[in-house]
Amino acid sequence: MKTVLVLPPYGMTQSYGGKGSMKRGILPPLGIGYLASSLETHGHAAAFVDASVLGLDTDGAATAALAEKPDVIGISCLTRLAPAAYALAAELKRRAPSIPLVLGGPHATSFADSILEECPAIDILIPGEAELTLAETLDRLERKAPLDDVPGVLFRDPDGRVVATRPRPAVRDLDALPFPARRIYRNDLYVPLPNQCRRRPATTVITSRGCPYARCAFCYQGGRYASPYRRRTPEHVVDEMAQLKREYGIREIIFWDDNFAVDFEWIDAFCNLLDRNKMDMTWTAYGRVNTVSPEMLQRMAASGCYSIYYGFESGNSEMLQRVCKGITLDECRSAVRWAKKADMEIRGSFILGMPGETPETAEETIRFACELNVDWMVFLPYRLQPATRLAETALREGVVLDDHPDIHFPTYLPKGFPDVESLANTVRSAYRRYYLRPGYISRALWRSRHPAVLRNYWDSFRYWLSLVT
């Protein structure tokens with residue numbers, strides 16, 4: 001059977017905010033690639049329509065999906081895209097009522113109990129990891145056999161009642177999954193943010209699923225639907241990198257794990273393989289400030305890693321404890337110092353306006369960010385994430401506002417702030433104060449001796465200017 005996998009319409013190019021046109025920052029959706037390769041391994045065909053990167057509205061996305069002449073259509077959905085996904089499903093069902101519609105993704109995982117009632121156009125729901133479940137579902141649909149014995153699906157019986165089969169355990173051996181089907185992507189349309197890469201073409205890779213910490217109260221991975229932590233072998237990851245270089249000319253990898261820098265033994269083995277195979281690929285990764293070490297960062301830097309991202313979240317110790325981040329301010333300082341000593345570029349982020357935040361704690365965060373003085377810093381207002389522990393607190397201790405496409409505009413107001421505009425001004429002020437400091441400017445000028453860094457700084461400056469004005 002042929003399946004078209006669809007990401008629903010979403011104005012991602014506007015979501016980064018500012019008055020300019022931000023046509024960067026959309027990266028290949030690896031989950032879709034893994035689904036496509038799994039379907040092909042099981043004898044099915046797969047195509048992909050990314051309505052966001054193609055700039056399609058609901059009608060355009062439906063037209064593009066149906067143009068592939070599919071037997072089944074799968075829609076991948078984040079919770080904030082649920083209205084767009086439901087609208088797309090309704091339009092597809094109106095135009096092609098006989099084609100089964102399958103919904104998956106984080107929204108399907110978090111709200112499996114209600115989606116089939118909320119959206120009558122959806123025929124089948126697959127929560128959780130869907131590679132094996134979707135393939136088995138297509139096998140049954142092709143034979144016109146019932147779905148009752150397929151683990152991990154929800155569907156309607158002939159009487160219209162919702163049936164949920166037994167849950168499917170997560171795949172433990174990630175090496176058993178085929179590499180993502182990269183041929184389905186329009187790679188020319190996926191352009192990283194200026195601070196995400198130096199060499200192009202670049203693409204994303206994941207070495208693990210889940211988070212080894214998985215306790216942050218604001219994060220999906222710390223919520224009730226988080227997947228268990230598993231990791232591929234270093235050999236399997238390097239094989240994928242070699243394929244990407246050989247078949248697509250990829251020169252840089254953006255590792256998209258929730259936390260890449262976890263285990264020194266794994267990293268040492270991985271870096272040894274890169275060196276042995278003379279990969280000549282640069283790469284970036286995410287880390288936690290309390291899992292890195294000087295030796296780990298030096299080892300990563302020696303084998304091509306030039307940039308690491310830390311989620312600092314807050315400069316107030318009580319706020320860090322409140323959201324169960326599990327780190328200290330001194331650990332943040334040490335992790336930054338070690339990365340600088342390894343001559344790494346450092347990216348970081350803070351969340352402003354979480355439940356319990358006040359103008360005073362936000363001020364501490366801005367001052368702490370300036371103290372750290374890393375190369376790229378992001379200040380984001382808190383957005384309520386369903387199925388997380390902090391979401392429950394947020395509903396009790398503040399006001400949830402209307403959604404907004406600009407990720408820099410508040411959609412939640414904690415009790416400690418008098419109004420939305422004061423929080424929005426705090427975010428804008430954080431960007432101005434951070435990037436206009438002499439200490440930041442001098443570090444940026446020193447690092448700009450690298451031509452690629454200078455180009456990235458110029459692109460980012462134009463974006464920053466639109467944000468703060």
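I looked up the sheet first: it is open, has 7 strands in the order E2-E1-E3-E4-E5-E6-E7, and its pairing is mixed. Strands here are DSSP runs of E with at least two residues, helices are runs of H or I with at least four, and both are numbered from the N terminus. I count two strands as paired if DSSP finds at least two bridges between them. The model is predicted: local features need pLDDT of at least 70, side-chain atom pairs count only at pLDDT 80 or more, and totals for chains, interfaces and linings use all residues. Residues are numbered from 1 along each chain as its sequence is written, and side-chain values use heavy atoms, with hydrogens and water left out.

I then checked the sheet's edges, which are strand E2 (45-50) and strand E7 (162-164), each pairing on one side only. From one strand to the next the twist averages 20°; axes are lines fitted to C-alpha atoms, for helices over the stretch in contact, and angles run from 0 to 180 degrees between N-to-C directions.

Strand E1 (residues 2-7) pairs with E2 in the parallel sense over 6 bridges. Valine 6 is opposite valine 49 in E2.

Helix H4 (residues 58-67) lies across E1, E2 and strand E3 (72-76), at about 160° to E2. Helix H8 (residues 131-142) packs on the sheet and touches E1, E3, strand E4 (101-104) and strand E5 (124-126), its direction making about 155° with that of E5.

Note on methods
Contact means heavy atoms within 4.5 Å.
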